[in-house]
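Visitor: I've just opened this one. Can you walk me through it, pockets to begin with?

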Amino acid sequence: MKIPPFLKKGDTVAIVCTARKFSPEDAQPAIALLESWGLHVKLGQTIGLDSCQLGGTDVERAADFQTQLDDDNIKAIWCARGGYGTVRIIDQLDFSKFVNHPKWVMGFSDVTVLHSHIHTLGVATLHSIMPFTVPKAPEEVRATLKAALFGEKLVYQIPTKFYDIQGKAKGILVGGNISILYSLLGSKSSIDTRGKILFIEDLDEYLYHIDRMMYNLKRNGYFDQVKGIIVGSMTDMHDNEIPFGQNEVQIITAIAQSYDIPIVFEFPAGHQRDNRTLILGSFVDFEVNSTDVILRFH
């Protein structure tokens with residue numbers, strides 16, 4: 001995996017819409033945050049556009065993202081918010097210059113489309129807070145994005161839970177929103193999980209749908225050669241009037257435990273305030289022992 005150049009003071013970050021709309025007014029907290037780190041900010045042409053809840057038409061969103069990809073003065077692209085819409089433009093984008101001169105692409109949720117597609121090209125990305133979530137992000141979470149962007153060492157250590165599965169693994173970290181990963185199966189944007197550490201998270205899903213997605217990933221060989229699984233926040237899960245009978249931990253454990261790999265649940269990343277930055281595409285050491293879960297980025 002190619003690691004894009006880390007940022008330095010004076011560099012410029014572009015904020016664009018690839019999915020839902022986002023206004024210039026809403027962008028102000030993110031602009032202030034980047035400027036406090038000594039960075040310059042460029043608002044893309046899609047900021048402020050509105051097309052059926054999206055930040056501009058597909059043509060406008062693709063053109064804006066392409067402009068930032070090809071602009072040598074832009075050192076990172078920060079997707080304004082998630083929702084839905086990135087998959088509608090992914091096949092219109094030309095990454096040929098980007099592959100030779102990579103830059104950081106940042107965000108989470110629907111931005112998993114970009115993470116996954118870019119990882120198939122061999123370039124790392126940042127699973128991170130977005131301008132939309134900056135106002136609610138704790139300072140320590142904002143600091144993890146700064147550390148990742150500026151090339152500081154990232155190590156996360158959290159307490160082990162009784163339902164985590166212990167073990168050690170090394171590999172490249174990939175993944176993102178499980179609904180998006182599931183939707184990309186069979187496409188050229190679907191990631192190769194062989195020998196990797198897989199991160200998954202989701203929001204606002206029915207428990208039976210989590211079960212269905214996990215089985216589909218299994219049937220597609222997603223877990224056959226995975227070295228470990230990191231489960232982030234599974235926020236606001238729903239059940240039917242007739243209960244499914246398993247929660248998200250039990251669903252994932254029932255399918256994944258047979259692979260004899262370390263698995264951690266409720267890792268602080270995803271749709272929650274404690275959404276720490278993950279360098280997807282980075283080589284990591286992952287350990288789940290009797291007391292601690294340790295994720296160390298190289």
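Visitor: What kinds of residues make up the lining of the largest pocket?
Guide: Eight are nonpolar, ten polar and eight charged. Here Ala, Val, Leu, Ile, Met, Phe, Trp, Tyr, Cys and Pro count as nonpolar, Asp, Glu, Lys and Arg as charged, and the others, including Gly, as polar. Keep in mind that this is a predicted model: local features need pLDDT of at least 70 and side-chain atom pairs 80 or more, while totals for chains, interfaces and linings use all residues. Numbering starts from 1 along each chain as its sequence is written, and side-chain values use heavy atoms, without hydrogens or water.

Visitor: How much space lies in that largest pocket?
Guide: About 600 Å³. That volume is the space filled by probe spheres set on the grid points, joined across faces, edges and corners. A pocket is an open set of points on a 1 Å grid where a 1.4 Å probe fits, with protein on both sides within 12 Å along at least five of seven lines; lining residues have an atom within 4 Å of a point.

Visitor: Sheets now. In what order do the strands of the seven-stranded open sheet run?
Guide: β6-β13-β12-β7-β8-β9-β10, with mixed pairing. β6 (155-159) and β10 are the edge strands, each pairing on one side only. Strands (E, at least two residues) and helices (H or I, at least four) are DSSP runs numbered from the N terminus. Strands pair if DSSP finds at least two bridges between them.

Visitor: How many bridges join β12 and β13?
Guide: Five, between residues 283-288 and 292-297, in the antiparallel sense. Glu287 has Ile294 of β13 as its bridge partner.

Visitor: Which strand does β1 pair with?
Guide: Strand β2 (residues 40-43), running parallel, through four bridges. Val13 is bridged to Val41 in β2.

Visitor: How many residues of β1 are buried?
Guide: Five of five, across residues 12-16. Buried is under 20% relative accessible area, exposed over 50%, partly exposed in between (1.4 Å probe, protein chains only). Thr12, Ala14 and Val16 point one way, Val13 and Ile15 the other. In a regular strand, side chains alternate between the two faces of the sheet.

Visitor: Switching to α8. What covers its buried residues?
Guide: The cover includes β8, α7 (207-219), β9 (228-235) and β10. Buried in α8 (residues 248-256) are Val249, Ile251, Ile252, Thr253, Ile255 and Ala256.

Visitor: Is Thr277 buried or exposed?
Guide: Buried, at 0% relative accessible area. Thr277 sits in the loop between β10 (263-264) and β11 (278-280). Beyond its neighbours within four places in sequence, Thr277 is in contact (heavy atoms within 4.5 Å) with Leu126, His127, Ser128, Thr144, Leu145, Ala148, Leu154 and Tyr156.

Visitor: Last one: where is Gln92?
Guide: In the loop between β3 (74-79) and α3 (96-100). Gln92 counts as partly exposed because its relative accessibility is 42%. Leaving out residues up to four places away, Gln92 touches Asp58, Val59, Ala62 and Gln66. C-alpha to C-alpha, Gln92 and Arg61 are 9.9 Å apart in space, and 31 residues apart in sequence.
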